[in-house]
Amino acid sequence: MKGRPPHRGSGAKRGPGGYTPRPGTGPRTSAKDAAQRAARNRGDDVSDRSPWGDDAVPESAPRPPRKPRTAAPKADASWERAGPPAARAPTAKSTRADSSRAKPPRVEAPRAESPAPPAGPTRREQRAAASATLASGVQTLTVAPDEAGMRIDRFLGARFPQLPFTRVQSIVRKGELRVDGKRAKPNDRLEPGSSVRVPPLKLEQPADRPRSAAKIDGDAEFLRLLILYEDADMMILNKPFGLAVQGGSGTVRHVDGLLEALTGPDGQRPRLVHRLDKDTAGCLIVAKTRLAAATLAKSFRSRAARKIYWALVAGVPRTRQGRVSTYLVKDEPTDADARMRVAKHGDDGASHALTYYATVDQAAQKLAWLSLKPVTGRTHQLRAHAAHIGHPIVGDPKYFDVENWELPGGIQNRLHLLARRIVIPHPRTGQPVDVSAPLPPHMAQSWNLLGFDAARYDPIVEAPEA
């Protein structure tokens with residue numbers, strides 16, 4: 001009888017505890033190492049853990065009691081040929097066969113229940129971990145299904161909220177972001193499952209200073225006083241004049257930061273859907289969940305949301321109702337709040353902007369109350385279009401350039417622009433949500449001084465959509 005040829009599959013010698021790889025061969029990470037890492041994650045003792053023992057059975061999939069495994073040294077082939085069958089030492093194969101024929105009763109000691117696995121990280125912890133990874137080097141992010149359709153700059157700002165939005169725009173503009181291996185543009189939309197390559201960044205880690213309960217309660221109460229509409233999916237705030245929507249250079253207090261006070265127990269925090277200029281008051285939509293934010297953002301992109309603004313402008317337009325269609329481009333592309341100017345079709349960075357307007361009332365030939373309906377949503381669109389037709393908005397520090405024009409007495413030198421009304425499909429039901437904001441104090445003072453009736457019929461409501 002010939003002996004069994006040596007096993008040539010893995011090049012390993014069989015030992016009393018299983019297969020032991022030869023030095024310098026086999027995988028770098030063995031099954032034993034994996035079992036020890038899993039035990040460490042559960043908080044178990046890993047001093048002597050074998051991946052083939054009973055202690056390696058995961059709690060989530062209990063197995064029946066294992067049969068004792070007897071590993072005897074393999075007999076020498078020459079001795080096996082010479083000795084009689086009755087005198088041969090039992091091999092591992094024969095031992096398994098005998099145990100299958102006769103199974104003595106075995107009493108298992110009760111096993112201690114392992115602690116339940118820890119709960120998954122919250123969204124806040126995930127953002128913090130992602131920020132730490134980003135600060136250490138290049139990272140590849142995968143677009144989640146509920147992030148589909150987001151602009152690349154909004155996506156990066158949502159993943160790393162402590163990164164200034166101006167810095168995000170600079171990264172995208174310089175071509176440092178890659179989506180599926182291709183250079184990304186600021187207005188590119190993301191598809192679910194896409195890979196976003198983020199370059200290494202040096203982020204200033206915020207000091208670990210917990211916010212006081214009094215400050216959180218104060219911010220939450222301040223926001224609740226601004227709510228015009230609220231349900232389980234969204235809310236619409238009456239943003240006051242002078243309050244920035246997002247942070248920037250020298251901006252400490254802003255809506256996006258105040259929303260932290262409304263973070264739920266699960267780590268979900270309300271998030272912005274669109275923006276208003278710092279000095280523009282009125283309706284501002286905030287989503288309570290990521291899914292609602294994605295759905296509402298699609299409504300803005302598809303122009304399913306209808307917005308109406310009120311403004312007090314210098315002079316009275318000759319055409320009572322009109323249409324302004326131009327291309328707008330930033331004077332300084334690197335400045336997020338730069339002045340917009342009218343450009344030509346095809347100019348680098350120019351985007352089409354369309355606005356309808358109607359004159360609601362006027363004070364002689366000095367001032368006019370305009371109702372504005374933007375079809376597109378470009379930066380400073382209404383302010384730039386009002387100046388383009390020769391009737392800039394009163395109190396506008398960037399676009400008011402009428403020579404020899406004096407502000408009438410009693411009217412404050414503040415931007416007279418209000419996001420008066422918004423109608424948008426509800427993110428879950430699809431039914432229209434129609435909300436109007438009151439005049440801010442400085443505009444209410446001007447309306448009373450000029451004798452304008454805020455309850456008067458608004459002619460812009462019937463303006464076309466495109």
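Which residue in β6 does V179 stand opposite? The residue facing V179 there is V196. That pair is a handy way into this structure, which is a predicted model. The chain has 466 residues, and 36% of them are buried.

**The whole chain**
- The accessible surface is about 27600 Å², with carbon and sulfur atoms accounting for 52% of that.
- Take the contacts between residues at least 6 apart in sequence: 63% of them link residues at least 24 apart.

- As a reminder, strands of a sheet pair through backbone hydrogen bonds, and the pairing can be parallel or antiparallel.

**Nonpolar cores**
- The largest nonpolar core holds 36 residues, and I236, I285 and I424 have the most contacts inside it.
- Strand β14 (residues 351-363) is the top contributor to this core, giving five residues.
- There's also a second, separate core of 28 residues, with V245, V255, Y357 and L417 among its members.
- Setting aside neighbours within four places in sequence, I236 touches L226, I227, L228 and Y229, then C283, L284 and I285, and finally I422, V433 and V435.

**Helix α5**
- Five residues of helix α5 (residues 152-159) are buried: I152, D153, F155, L156 and R159.
- Looking down the axis of α5, those buried residues fall within an arc of 160°, so they line one face of the helix.

- T376 is in the loop between β15 (367-374) and α10 (381-388).
- Is T376 buried or exposed? With a relative accessible area of 6%, T376 is buried, because the cut-off for buried is under 20%.
- The T376 side chain makes a polar contact of 2.7 Å with the side chain of Q381.
- A polar atom of the T376 side chain also lies 3.0 Å from the backbone nitrogen of L354.
- Beyond neighbours within four places in sequence, T376 is in contact with R303, K307, H352, A353, L354 and Q381.

**F241, out in a loop**
- F241 sits in the loop between β8 (234-239) and α8 (255-258).
- The relative accessibility of F241 is 24%, so F241 counts as partly exposed.
- Leaving out neighbours within four places in sequence, the contacts of F241 are K278, D279, A281, R414, L415 and H442.
- F241 and L418 are 177 residues apart in sequence, yet their C-alpha atoms are 9.0 Å apart in space.

**A444, in a helix**
- A444 belongs to helix α11 (residues 441-450).
- A444 has a relative accessible area of 24%, which makes it partly exposed.
- Along the chain A444 and H416 are 28 residues apart, and 9.8 Å separates their C-alpha atoms.

Note on methods:
Residues are numbered from 1 along each chain as its sequence is written. This is a predicted model: local features need pLDDT of at least 70, side-chain atom pairs count only at pLDDT 80 or more; totals for chains, interfaces and linings use all residues. Side-chain values use heavy atoms; hydrogens and water are left out. A nonpolar core is a set of buried Ala, Val, Leu, Ile, Met, Phe, Trp, Tyr and Cys residues joined through side-chain atoms within 4.5 Å. Buried means under 20% relative accessible area, exposed over 50%, partly exposed in between (1.4 Å probe, protein chains only). Helices (H or I, at least four residues) and strands (E, at least two) are DSSP runs, numbered from the N terminus. Contact means heavy atoms within 4.5 Å. The arc is that of the directions from the helix axis to the C-beta atoms. Accessible areas come from the Shrake-Rupley method with a 1.4 Å probe; for residues, only the protein chains shown count as cover. A polar contact is a pair of N or O atoms within 3.5 Å; within protein, one must be able to donate a hydrogen and the other to accept it, and residues adjacent in sequence count only if both atoms are side-chain atoms. Two strands pair if DSSP finds at least two bridges between them.
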